[in-house]
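This briefing goes through selected helices, loops and chain-level totals of one structure. Please keep the sequence and the coordinates at hand while reading.

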Amino acid sequence: MTELVWITLVLPLIGVAVLAILGMKLPPRAAGWFASLIMLAAFACAAIATAILATRPAEERQVVQVAWTWLSAGNFSVGLDLWFDELTAVMLLVITGVGFLIHVYSIGYMKDDPQSRRFMAYLNLFVFSMLVLVLSANLVLLLAGWGLVGLSSYLLIGFWHNKPKAIKAAKKAFIMNAIGDVGLALGIFLLFVDLGTVSYTGIFAEAGRLSETQASVACLLLLVGAVAKSAQLPLHTWLPDAMEGPTPISALIHAATMVTAGVYLIARMNPLFIHAPKVLDLIVIIGVVGLIMSGLIAIVQTDIKRIIAFSTMSQIAYMFVGVGLTAYWAGIFHLFTHAFFKALLFLGAGLVIHALNGEQDIRNMGGLRKQLPKIYFCMMIAAFALAGIFPFSGGFSKDAILSAGLNVDTTIGWIAYIGGLLGALLTGIYTFRLIFMVFHRRASPYAERVIPESIKHHGEGPSTMLWPVYILAIGAAFAGLLQIPGLTHVVTSWLEPIAPDGMVEATVGQDWLTTLIGTTIGLIGIGIAYHLYARESTSPELIRNGRGRLIHRALERRLYWDDLYEWSFEKPVQWASSFLNRDVDRTAFRWAPLDGLGQLTAFFGRSFAIIENGIVRMYALVLALGIAGMILFLLVRGA
Amino acid sequence: MIQAPSVDWFAIAPEVALIVGAFTLLIVAAFAKGHERGLSIVLGGATLLVSGAFAVAAWGDAPVLTMADAFRVDDLTELVRITVALLAALVILLSVGWPRFREHGSEFTALLLLVCAGMGIVAGSTSFVTLFVGLELFSLSLYVLCAFDGKSRASLEAGFKYLVLGTIGSIVLVYGAAFLYGATGSFMYDDIATSLAKSGSGDSIVVLGTALVLVGLLFKVGAMPFHMWVPDVYQGAPTQVTGFMAGATKLVAFVALARILLDALPSQEHLWSPVLIIAAIVTIIGGNIAALIQTNVKRMIAWSSVGAAGYALIGIIVNGEQGLRGLVFYLGAYAFTAMGAFAVIALFERDQARENGHATLDGMRAWGFSRPFAGMAMVVFLLAFAGFPPTAGFIGKFIVSGTAVTNGYAYLAIIGAIGSVIGLGYYLRIILSLYDRSRKTDVGLPAAPGLGAISLVILLCLAVVLFGGILPGVLLDWSGQASAFLAISR
Amino acid sequence: MSVTLPFFLALSAILFSIGLVGVLLRRSPLTILLSLEVMLNSVNVTLVAFSRYVGGSDGQVFALIVMGIAAAEVVVGLGLVVAMTRRTMVLDTDELRTLNG
Amino acid sequence: MDLVVFFLAALAAIATAVAVVAQKNPFVSALALLGNLVALAVLMLLLEAQFVAVAQIIVYAGAVMVMFLFVIAYVGPRGEVGPGERKPWQIWLAILAAALIAIEVVAVVYGATFSDWAEISGDYGSPAAIGKSLVTNYLLAFEIVSVVLFMGAVAGVIFGSGGRPLRLSNDEVLAKEAASAEQRRREDSRAVLDAARDSMGGDR
């Protein structure tokens, strides 16, 4: 079984190598299919490995294998250690499964791009990095995967590097993620100092030794990493911008896999987090505030991909609430279903954009229901799942999280519950605002002009793009049935062993109650959306010009987070650097904080150049002063 | 009748081989005009091979004191000998396509062999006298090698600056040794240590001697504020010589520093330890900051090598088994990284020979596309400089900082980390310049003279850097074995 | 009052500083080399004086070795000066500043 | 007696050292160094180091000085041209640093307690005694010195070989220098202009 896991890990790496070496010699389509088949093979291996794991008794399902020790000193050892258990299996299936579908989709999506082979290589690289992240059995390797994932995301966001906005977005993502990486690295370092080990086994065994403060600080630092990677408050501003990248990337990285790494990290490290209850509460609060805030912002966005991006942020916030309440299974369950419906939503959006020749503004869409019926159907499934309507998948998993809050029955639990329900309302509104504005409302002049032409050319889209959408639609519709309260309990029984300290599980009654309330609220949201957006007459202009226009503007500016960062970091540094303005290499990094920091240090660097003026007498003078100073220093100390 | 001291010929065979080889090469070359290059490569290579083989043969043997106890052959000496011989061989390879090598190959190679001999002697010195002659043998030869590119004024300038400043450094070292001699009556490290241990260390003459010796050694090491020569000399010297200096000189100077401080002046630790701490902090931060504003890549790496000296100082400050092992490993890894990086720059200069291009950030734009292997190798070397896995540079920095933390010098590790972050700033500038898409052209480069040999050097250095990063075990063991002979009198 | 060790050491220190001033202030490479010789000789005085004080010959031997090395150093230094002349470089160390920063 | 000799010799040594450093003409400087060496040789005789004293005169006066004078004759007895960029602070700092070193060393030396001169045997400092030391305890160093000298010869060959040098008259040197100074000034002002333009925000 471990061999299969190894093969899963290595396959994408082989893909990268082959594409890097032979890539330019292969025809683009062949390269695309090659990369996709690699992913299919990886998925098959992962699935078989998971099946074998499932046949084992629960207590033997945790496999740790030390393949190769890289560095060891005393108690401390780091190397290629593999960790395979129930949680890893879920992640593995999501990554390789959704990854495969998106690879196939990319063949169609990128078919006109001359660089599509490079794109495929990057995609494989990303999958490899993600696999390293989830398969690692120690935090250092996890950090390596964490960093690699960030790097591949950077490469893929900035894939179209003749697009200045894409480059800027890539840098923003890179820097935000770098902050997270530093936090994570510091956290790992702290754990190493406190416990002398970085392996999961070691940390889980020794976590009890930590005082609450120690555990809290370590967890807080890990949380910084998780928050940055998962685009949660306050390091979330990169995610909407990252939508400048190609759509398959948005689906794979910025919806289904990478951004969920933070949730994975918290769930994985649950034996540690359990010792830091305050941090867990903080996670819930971050989640609740984040899900409401991003839900609100999503309502006013006009770019189709950005709406979905904010909804991603909001859904991951739900997962945060889940793991923060120690209902790990619910968080991971939502991660699982979310991977289907969010990838579906993105891919569907990609098809719509494709059909509209690259238009992303929903105000220029409308009435596509008739021209694009298949896409409409799939998108509807995704929207119902996202809005948490029973019996679509998202309903089960989200309600599982909320009912966990009900079950906990503390202040935090109630905050989570009420906040979550409020979020469900918002989800219904923004999701169906999108659906209504894209598919129902009277077609915009642009759509009327472009669509017939486009349909004539390639129907609703090439089959490589449509089939992945269908498959995902099946998943989005039925994945929730794995865990029907009171009937099936695949998810809870599967994930139970990963939390040795137990996890929160709602009663069947609480579950059904939440499902009832959740679905009702979701339907109310849909109703509101219908009322506001489905018909031309009551356009959002009313709100924009009415009493709520200040709020509306604030939401349009995404509650000023970006402006806050700009004013507190970018601008001062820009001022400082124009004050110190010199000839530092401008082409290297244009994002102001780095640019400015570079200039600031360059200012100090230049003060060295004053001495280092090339005149040998001057050098000898410094040397002489050094001699005099050294003698004086030692005499004073020695006396 | 004077009783000549017994000489263990096997112990000093590597140096003897080098000196004899240098003589032979010059004499043979005098009679074989026109075959300078071939002779230099063959004889120089053979000499280095013999010398290295002797050193390898003695690896692991019990330490030997010879030449009236003036020279000590232990595994640390052997390690330096082997490393230096390897680096020198790489220098010869790098010189193959160099026009100047065609005309004066024999002199160049002979001087290089003498440098190696001098370095071996410094590494094995047990007294200030031996140290001084060894130091001067390699320093004087290096002054000449720096000025060897007679066509370039910068080269002469570098040689002259190095000579003036280097001589001051040597004088100060001897001056300090004289005071220690006055206080203890001997130039031998062991005698000085025992004498100081007996008499206590409050004597102001001893303090004065310690101060002057420290200055001399910190100068050779290139630590701030005695670093002024480093950037100019590294930039002006022929690139392969720069690569050699950055690696070999630093290694040897640190071995000398460690031997003196730990063998002769352990009783003065309360004096030199704070000096080294201050020097390390200033060096790491200052070297990296100054590198940021450079536009010449050679000079940039020169400044970064100043910073690297700071990391190595941490190894001595921390002292102890782990610290010294880290020191030796770091320096060894650094030597090959620097050699590789300068080999890439040498290749660039060879490519640009007709346009007389310098290795500036601007000049190197998009060059990485034309020479994909060298470009990628450069990226690896820069990552190694910055201390990223999976390179040997990471392991070296990791061990040094790790031991610093566990020995209560966490702040030094933090300073080191800050330095690395600053360092990333300019390493990235090089990488971004190498892969600047906006200047990418499809015009291929013609084969530069000596391209094969340079590529071989780059490949070898790359292999060492990656091997040391991925499977550090063997090299770590070697470093540990060699560094065990430091502080022998503790 | 007789001549004691500090006399010699002080003289040596003064000569050392004079030589150092020469290196620090003069621009002619030849004068700089001469100043370096002054410094080397001053160190030799210290060595020989300590040798006498300690009563061994080590200091004197070291002084001789320093002399030999100094001779070689002069050869290299003068060789550089000659080479610079041949390259028609101005014999002024302040002009040697193509390398800076 | 010793005291008188010491002070005379010391005075001579200091005076000649100052002359070496201060003389504009390197030829005179070289001759002053010769005087310095003789004065030091006298001091070394006071320290019973006959062999070193003799070697000093032979090695320096016989070999090193000749070389110096030869090279000075070769490059022409040019003094320093023009005032250079000698800023006053640089001069004062240089003198301060050197003086500081001297004061520190002298202070330490006079602060330390020394016992009397050691008892010495009759052949102390004799060529035989030193020679014996050289081929026994210091055999390695001795051999290496010879290698270093050999290396010096190689260096001489390298720097001395090649075609005839281009000789420039003093006027040409001055003209060249003026031209290069002008060039530098122009470059500097251009750099300042560029920087000013840059900071005006020419980049956005």
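Which residue takes a positive phi just after α8(A)? It is A:Ala231, with a phi of about 55°. The model is a predicted one, and the points below are grouped by chain and by topic.

**Chain A: overall make-up**

- Chain A contains 28 helices and 2 strands, and 62% of its 639 residues count as buried.
- Among the contacts in chain A that join residues at least 6 apart in sequence, 79% are between residues at least 24 apart.

- Helix α8(A) has 18 residues, and the distance from its first C-alpha to its last is 25 Å, which is close to the 26 Å expected at 1.5 Å a residue.
- The buried residues of α8(A) include A:Ala215, A:Ala218, A:Cys219, A:Leu222 and A:Leu223, and A:Lys229 is also one of the buried residues of this helix.
- A:Ala231 lies in the loop between α8 (212–229) and α9 (238–241) of chain A, and it has a positive phi although it is not a glycine.
- Most residues other than glycine have a negative phi, and most peptide bonds are trans.
- Is A:Ala231 buried or exposed? Its relative accessibility is 0%, so A:Ala231 counts as buried.

**Chain B: a packed pair of helices**

- Two packed helices are described by the angle between their axes and the distance between the axes.
- For helix α15 (residues 372–386) and helix α17 (residues 410–434) of chain B, the angle is about 175° and the axes are 9 Å apart.
- α15(B) and α17(B) are therefore roughly antiparallel to each other, because angles over 145 degrees are counted in that class.
- On the side of α15(B), the contact is made by B:Gly375, B:Met378, B:Val379, B:Leu382, B:Phe385 and B:Ala386, while α17(B) contributes B:Ser420, B:Leu424, B:Tyr427, B:Ile430, B:Ile431 and B:Leu434.
- By residue class, the contact of α15(B) with α17(B) comprises 10 nonpolar and 2 polar residues, with no charged residue.

**Chain B: helix α18**

- Helix α18 of chain B covers residues 451–470, and its 20 residues should span 28 Å at 1.5 Å a residue; the end C-alpha atoms are 28 Å apart, which agrees with that expectation.
- The buried residues of α18(B) are B:Ala453, B:Ile454, B:Val457, B:Ile458, B:Cys461, B:Leu462, B:Val465, B:Gly468 and B:Gly469.
- An α-helix has 3.6 residues a turn, so residues three or four places apart point the same way.

**Chain B: individual positions**

- B:Met224 and B:Pro225 are joined by a cis peptide bond, with omega about 0°, and B:Pro225 is placed in the loop between α8 (204–221) and α9 of chain B.
- B:Asp232 is found in helix α9 (residues 229–236) of chain B, where its relative accessible area of 0% makes it buried.
- From C-alpha to C-alpha, B:Asp232 and B:Tyr162 are 8.5 Å apart in space, although 70 residues apart in sequence.
- B:Ala30 belongs to helix α1 (residues 9–31) of chain B and is partly exposed, with a relative accessible area of 48%.
- B:Ala30 and B:Ile418 are 388 residues apart in sequence, and their C-alpha atoms are 53 Å apart in space.

**Chain D: composition and domains**

- Chain D has 7 helices and 0 strands, and the order of its elements from the N terminus is α-α-α-α-α-α-α.
- Of the 204 residues of chain D, 36% count as buried.
- Among contacts in chain D with a separation of 6 or more, 68% are accounted for by residues 24 or more positions apart.
- The domain assignment divides chain D into domain 1 (1–78), domain 2 (126–164) and domain 3 (166–204).
- The centres of domain 1 and domain 2 of chain D, taken over C-alpha atoms, are separated by 21 Å.

Conventions:
Residues are numbered from 1 along each chain as its sequence is written. Chains are lettered from A and ligands numbered from 1 in the order in which they are written. This is a predicted model: local features need pLDDT of at least 70, side-chain atom pairs count only at pLDDT 80 or more; totals for chains, interfaces and linings use all residues. Side-chain values use heavy atoms; hydrogens and water are left out. Helices (H or I, at least four residues) and strands (E, at least two) are DSSP runs, numbered from the N terminus. The expected span of a helix is 1.5 Å times one less than its number of residues. Buried means under 20% relative accessible area, exposed over 50%, partly exposed in between (1.4 Å probe, protein chains only). Domain bounds come from an automatic or database domain assignment. Axes are lines fitted to C-alpha atoms, for helices over the stretch in contact, and angles run from 0 to 180 degrees between N-to-C directions. Angles under 35 degrees count as roughly parallel, over 145 as roughly antiparallel, 65 to 115 as roughly perpendicular and the rest as oblique. Contact means heavy atoms within 4.5 Å. Ala, Val, Leu, Ile, Met, Phe, Trp, Tyr, Cys and Pro count as nonpolar, Asp, Glu, Lys and Arg as charged, and the others, Gly among them, as polar.
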